[in-house]
Amino acid sequence: MKQDKQISVGLVGLGRLGRQHADNLAHRIPNCKLMAVCSVIPEEVEEAQQELKVPYGYTNYEDMLRNQELDAIFIASPSSYHCEQIEQALEAGFHVFSEKPLGLYMEEALRVQKAVRKHPNQVFMLGFMRRYDRSYAYAKKQIEAGTIGEPVLIRCYGIDPAQAMPGFMQFAKSNYSGGLFLDMAIHDLDLARWYLGVEAERVWAIGGSHRYTELAELNDAETGAALVQFAGNKMGIFVAGRNCAHGYHIETEIIGTQGSLRIGTVPEKNQVMILDDRGVVRECANGFLERFEQAYMDEAVEFVQATLEGRQPEVTVEDGVLSTALGYACKESFESGQLVNVQLPAAVTAIK
């Protein structure tokens, strides 16, 4: 890698999240230069190049990997491409940031872990951005300080806005997202491991499609719930959904032996209160890009800084593997209707 104090990044994937990452990398991340963008849609590449002043544009990922001016690859493509693209980028000698999940199957996650361990001198980071949200990070510090005693139960709600369903249905029919638990609940499952400090042992998951019944045809659910037993008899309750009428509802509660913490109980858009003929109204965030805008920037800052300093970020490939194991167990339980024991890969530890 070059010895100057700037990291040259190539980004693949220019959908909603990919375009937000591109904007951040181009304008808001210190010591970073967005040097290349890649998408299978030529119009997306052209638009990003023009608006963000990006020197190189590609419609073929392998072509971008041949660009010797790049230091790092930022992967924001659909989930089904992550595993292969991570492996290719590492093998080509790049530092790699990838959006979650590592893969849609356990064998894919384990393949990525093997690839990352094969390249210990290259930085790898997985996009569990909620760990970089300042409210969630503050809650972690409070837990570490003993404010609520020993954490014993976590309750998480993650429900996407109903207004996003038409776009999601188009995506779901053309790209395999992994389903409700691997695609959406994976963030909450990772937070549970992080906050409770132990791994999952067994899970029972249920779900259904009530308003958008076509999701059932895709073997997915509109709304689902999982009850998880963690080591040490610690507990997790997870609700995930795609049909929230009032906006984007992300809520977390951690119950400890001496108190509780709650994050986002009312998913407010901001501190503004509207008083009109509807009464007193507090608007809600309308999507993940708005709610976690700062977290997406802070995780990118961490990736660039880790690359400059030659260290590995706190979020590791093992976090991805273990969260995938739990998410996949939830998926298996939902599909089978049975209680499922979580099969943790041998010799994988990640919780700090």
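Helices (H or I, at least four residues) and strands (E, at least two) are taken as DSSP runs and numbered from the N terminus. Residue numbers start from 1 along each chain as its sequence is written, and side-chain values rest on heavy atoms, with hydrogens and water left out. The model is a predicted one, in which local features need pLDDT of at least 70, side-chain atom pairs count only at pLDDT 80 or more, and totals for chains, interfaces and linings use all residues.

Contact means heavy atoms within 4.5 Å, while axes are lines fitted to C-alpha atoms, for helices over the stretch in contact, and angles run from 0 to 180 degrees between N-to-C directions.

H12 (residues 293–309) also packs against helix H1 (residues 16–27), at an angle of about 60 degrees and with the axes 10 Å apart. H1 and H12 are therefore oblique to each other (under 35 degrees counts as roughly parallel, over 145 as roughly antiparallel, 65 to 115 as roughly perpendicular and the rest as oblique). As for who meets whom, Leu17, His21, Asn24 and Leu25 in H1 touch Tyr296, Met297, Glu299 and Ala300 in H12. The residues of this contact divide into five nonpolar, two polar and one charged; Ala, Val, Leu, Ile, Met, Phe, Trp, Tyr, Cys and Pro count as nonpolar, Asp, Glu, Lys and Arg as charged, and the others, Gly among them, as polar.

Next comes an open sheet of seven strands, with mixed pairing and the order S12-S11-S7-S10-S9-S8-S15. S12 and strand S15 (340–341) are at its edges, each with a single partner strand, so one side of each is left without a neighbour in the sheet. Strand S7 (residues 151–161) and strand S10 (residues 234–244) pair in the parallel sense over eight bridges, and Leu153 stands opposite Met235 in S10. Helix H6 (residues 134–144) lies across S7, S11 and S12, running at about 175 degrees to S12. Helix H13 (residues 317–336) packs on the sheet too, touching strand S8 (200–208), S9 and S15, with its direction at about 45 degrees to that of S8.

Strand S11 (residues 249–256) is mostly covered, with seven of its eight residues buried (buried means under 20% relative accessible area, exposed over 50%, partly exposed in between, with a 1.4 Å probe and protein chains only). S7 and S11 pair in the antiparallel sense over eight bridges, with Ile159 opposite His249 in S11. A hairpin of three residues joins S11 to S12.

Lastly, Glu222 lies in the loop between helix H10 (214–217) and strand S9 (223–230), and is buried at a relative accessible area of 4%.

Notes: Pairing = 2+ DSSP bridges.
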